[in-house]
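Hi,

Here is the structure I said I would pass on.

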Amino acid sequence: MEFKKLKTNKGNFINSLFLIKPKIFRDNRGFFYESWNQVNFDKKIGTTIFCQDNHSKSEKGVLRGIHYQLSPYAQGKLIRCTKGNIFDIAIDLRKKSATYKEWIGVELNDVNKFLLWIPEGFGHGFLTLSKDAEVQYKVTRKWHKDFEKSLLWSDPDIGITWPLSQIDKKMPLTSLKDSKAITIKEAEALDFVF
């Protein structure tokens, strides 16, 4: 496995966030790859304990996020797309970070088989680009309703460049909760950042 640092929308590297590229063995029978290895992960990231695996399916044009949980229930997430293609984003919400409010975006799909490690202190979301997509991810803490927060996917103060031209709609399909999400300015005023 190769662990690669990613640049933000402003060209800076984010510490502790990694795109993980597995070594894929392909032949006429299909493929094999190691999608998870605790020893390799711990060597690069540090000892991490996952408590839950989640699996979602979304149709083309569905946007999920931008979600995060506040401390003491902040989650690290290890994300992969096992069917289809998504544009996955992470936003640094750590006030003391040099990359605070900067974001990264990367395509995860069933061809490249990349994984994205998002540590605690980040918001996460994705847009489904293919007919449908299945996303599987490990989390370091269980979901806790009272600590879950959502940022508005289209907040101009964050300025995510979503690849909306790749979906069949002018606007993505979001949940009611995500359509009523708060802006980064509101999150700061409420102290809903890290």
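The lining of the second largest pocket splits into 4 nonpolar, 4 polar and 3 charged residues. Nonpolar here is Ala, Val, Leu, Ile, Met, Phe, Trp, Tyr, Cys and Pro, charged is Asp, Glu, Lys and Arg, and the others, Gly among them, are polar. A pocket is an open set of points on a 1 Å grid over the protein atoms alone, where a 1.4 Å probe fits, with protein on both sides within 12 Å along at least five of seven lines; lining residues have an atom within 4 Å of a point.

Before I go on: this is a predicted model, with local features needing pLDDT of at least 70 and side-chain atom pairs pLDDT 80 or more, while totals for chains, interfaces and linings use all residues. Numbering runs from 1 along each chain as its sequence is written, and side-chain values use heavy atoms, without hydrogens or water.

Back to that second pocket: its volume is about 150 Å³ (the space filled by probe spheres set on the points, which are joined across faces, edges and corners). Trp36, Asp53, Arg80 and Tyr137 are among its lining residues.

The largest pocket comes to about 370 Å³. Of its 22 lining residues, Arg64, His67, Lys77, Tyr137 and Glu148 sit closest to the centre. S6 gives the largest share of that lining, 6 residues (strands are DSSP runs of E, at least two residues, numbered from the N terminus). By class, the lining has 7 nonpolar, 11 polar and 4 charged residues.

Cheers

Conventions: Helix = DSSP H or I, 4+ residues; strand = E, 2+ residues; numbered from the N terminus.
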